[in-house]
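The sequence and the structure come first, and the description follows.

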Amino acid sequence: MQVTVVGTGYVGLVQGVCLAELGHSVTCIDIDPAKIERLTRGISPIYEPGIEELITANVAAGRLAFSTPEGGWAPLLSEVVFIAVGTPMADNGAADLSYVRSAVDSIARAATGPMTLVMKSTVPPGTGATLQARFLAHADAEIGYVSNPEFLREGSAVRDFFEPDRIVLGGSSVADVERVAAVYAPLVDRCAASGLSCPIVKTDVASAETIKYASNAFLSTKISFINEIANVCDCVGADIDSVAEGMGLDVRIGRHFLGAGIGYGGSCFPKDTRALDFISTLNGYQFDLLKAVIDVNNRQRLLPVIHLAKALPDLHERTIAVLGLAFKPHTDDVRESPAIDIVPLLLEEGAKVRCYDPLAAPLDLGEAVRCDTVWDALSGASAAVLVTDWPELVELDWARARSVMADPAIVFDGRNALDASAVKAAGCVYMAVGRPGAHRS
Ligand code: UDX
Ligand code: UDX
C-alpha cells in the first residue's frame, strides 16, 4: 500500500521505516529541511538501534522516500496518512497540540481523494473528535479518522514495532479501522510466523486515545509505587530488590517496571501523566492517584542531592560527578531526564559538577562541565551519582574509579543498578534507594 507518515521524530521515523520494511511504499514528511536532507543521505536524526540499516535497505529497495512539504502537500499524500508530529508539554501541563492541528489542517486542505488520517501522536481523549469537527468535516475530500497510539520504547523502538503486545485502532467508522488494519496485516502475519500473537484492539476514537494515556499512567504508577515501597524499605531495613522480586513473581503484578530509583523521565511518561491530570481537571474530575504519582516522581529525583547534602555538609567545597545524562540507557534523548533537575540543584548547593554520558544529546548544564570520559568526570570527585544505567557505567572498574576519586568517594546509585559489594570492595561508600542493607559494610 501507499502510506504517508508526517513527522520524522522518534515515533514517525520508526513507524515509516518499519512500514516500508513490511513492504509498503512509504513517504516520510518533515517540515525540518535539515532532517530530511540527512535522512535522504541515510543518516538518522535520532539514535535508535537498527534504524539506519533499515533506512538504507528500504531506500535502496525503492520503498522509502523522504520529503519536506515545501513543494505542496497534495503529491505527498496517499490513502493512509499517519501523523507523528510532537505533542510537547505546555507550561500549564497540557499537551501542546499546535503541531498536530497545523499538520491536520494542511492535509485537510490538500486532500483530493478519500483518505484515512491516522493519529500516532499522543493526544488527549477528545482530540480526535475536535479535529474531525474543526478540520476534516470541511475538507473537499472524504477523510476518515483513526487513533492508533504508539507503544514504542526509545532504544528498543524497532523491536517494539515488530513485536507489539497489541495494536490499538480506534476509528470513526468500520471501513477506516479496517483500512488501517490492512496496513498492519503483514505485521500480524510476520508475528504469527514467529509464533508471536499480535492482537488488534478495535474500538472507538476516544477509547483508543484513553488506552494510550491509561497505559502510560499505569506504568508511571507502577514506578512511583515501587519507589514509595523503596522509601519504606529504607525506613524499616528491608531490601527493595527482594521485595520487587517477591511481588513481581505474582503474575497479577508482573516483574516489569518495578525498578526503584530516581524515577521516570523521557518524552512520554512525564508529559502524558501531566496531560491526563490536566484533562481530568478540565473536565471537573480530580485524579488524586495520578497527582500523587507525579509528586512522588518529582520528589524521587531529588534524593541524590538530599542524601549527598546530609553526608557532605561542606558540599559547596566538593566536586560531584554525574554519571549519565540521557533519561535512560540506549538513547541520546535527554528530555525530562532526572539529570536536568539534579545538576542545577548540586550547582545551587555550591558543588562543582562534572558530567559524563557516552551518547546524550547536547544539554544546557550551566556551570557544570561535560567530560569526554567517565574517568575525567570522576577525577577529584567526592561523590558520584549514577543517573543513567548505561552498561559501561554499571560495569565500571570501581577500583580505578576509587583511585581517581577524592574521599569519602560516595557512589549514589540512582538506578539500583550497581553491584553494591563491588563498589564497597573498591573502598567507596555505597548509597542507593531502598537498599539499606547494602549501605552497611
Ligand atoms: C512522538 C509523538 O508524536 C508524541 O505525541 C508522543 O507522545 C511521543 O512521541 P516524537 O517522535 O518524540 O513524538 O517527536 P519529535 O522527536 O519532537 O519529532 C516530531 C517531528 O515532527 C520533528 O521531526 C518535527 O520537525 C516534525 N514536525 C513537527 C513536522 O513535520 N510538522 C510539524 O508541523 C511539526
Ligand atoms: C515509554 C513507554 O514505555 C512506551 O510504551 C511509549 O509510550 C513511549 O514512552 P520510553 O519513555 O522510551 O517509553 O521508556 P521506558 O522504557 O518506558 O522508560 C521510561 C522511564 O521510566 C525511564 O526514565 C526509565 O529509567 C524509567 N523506569 C522504567 C524506571 O524508573 N523504573 C522501571 O522499572 C522502568
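## Two backbone details

Pro408 is placed in the loop between α16 (398–404) and β13. A cis peptide bond links Asp407 to Pro408, with omega at about 0 degrees. Helices (H or I, at least four residues) and strands (E, at least two) are DSSP runs, numbered from the N terminus. The model is predicted: local features need pLDDT of at least 70, side-chain atom pairs count only at pLDDT 80 or more, and totals for chains, interfaces and linings use all residues. Residues are numbered from 1 along each chain as its sequence is written, chains are lettered from A and ligands numbered from 1 in the order in which they are written, and side-chain values use heavy atoms, with hydrogens and water left out.

A second detail concerns Phe257, which has a positive phi of about 60 degrees although it is not a glycine. Phe257 belongs to the loop between α9 and α10 (269–282).

## The parallel sheet

An open sheet of 6 strands has the order β11-β10-β9-β12-β13-β14, and its pairing is parallel; two strands pair if DSSP finds at least two bridges between them. At the edges are β11 (369–370) and β14 (429–431), each pairing on one side only. Strand β10 (residues 352–356) is joined to β11 in the parallel sense over 2 bridges. Cys355 stands opposite Arg370 in β11.

Helix α12 (residues 303–311) packs on this sheet and touches β9 (319–323), β12 (383–386), β13 (410–413) and β14; contact means heavy atoms within 4.5 Å. The direction of α12 makes about 155 degrees with that of β13. Helix α13 (residues 339–348) lies across β9 and β10 and runs at about 155 degrees to β10. Axes are lines fitted to C-alpha atoms, for helices over the stretch in contact, and angles run from 0 to 180 degrees between N-to-C directions.

## The mixed sheet

Another open sheet has 8 strands in the order β3-β2-β1-β4-β5-β6-β7-β8, with mixed pairing. Its edge strands are β3 (64–67) and β8, each of which pairs on one side only. Neighbouring strands are turned by 25 degrees against each other on average, direction ignored.

Strands β4 (residues 80–83) and β5 (residues 115–119) run parallel and are joined by 4 bridges. Val81 has Leu117 in β5 as its bridge partner. Strands β7 (residues 167–171) and β8 (residues 200–203) also pair in the parallel sense over 4 bridges, and Lys202 in β8 is the bridge partner of Leu169. From β7 the chain crosses through helix α7 (residues 174–193) to β8 in a right-handed β-α-β crossover (with the strands pointing away from the viewer, the path from the first strand over the helix to the second runs clockwise).

## Helix α8 and its partners

The axes of α8 (residues 205–236) and α9 (residues 240–248) come within 9 Å and cross at roughly 135 degrees. The two helices are therefore oblique to each other (angles under 35 degrees count as roughly parallel, over 145 as roughly antiparallel, 65 to 115 as roughly perpendicular and the rest as oblique). Phe225, Ile226, Ile229, Ala230 and Cys233 of α8 make the contact with Ile240, Val243, Ala244 and Met247 of α9.

The axes of α8 and α10 come within 9 Å and cross at roughly 115 degrees, which makes α8 roughly perpendicular to α10. Among the residues that meet here are Tyr213 and Leu219 in α8 and Phe269 and Leu276 in α10.
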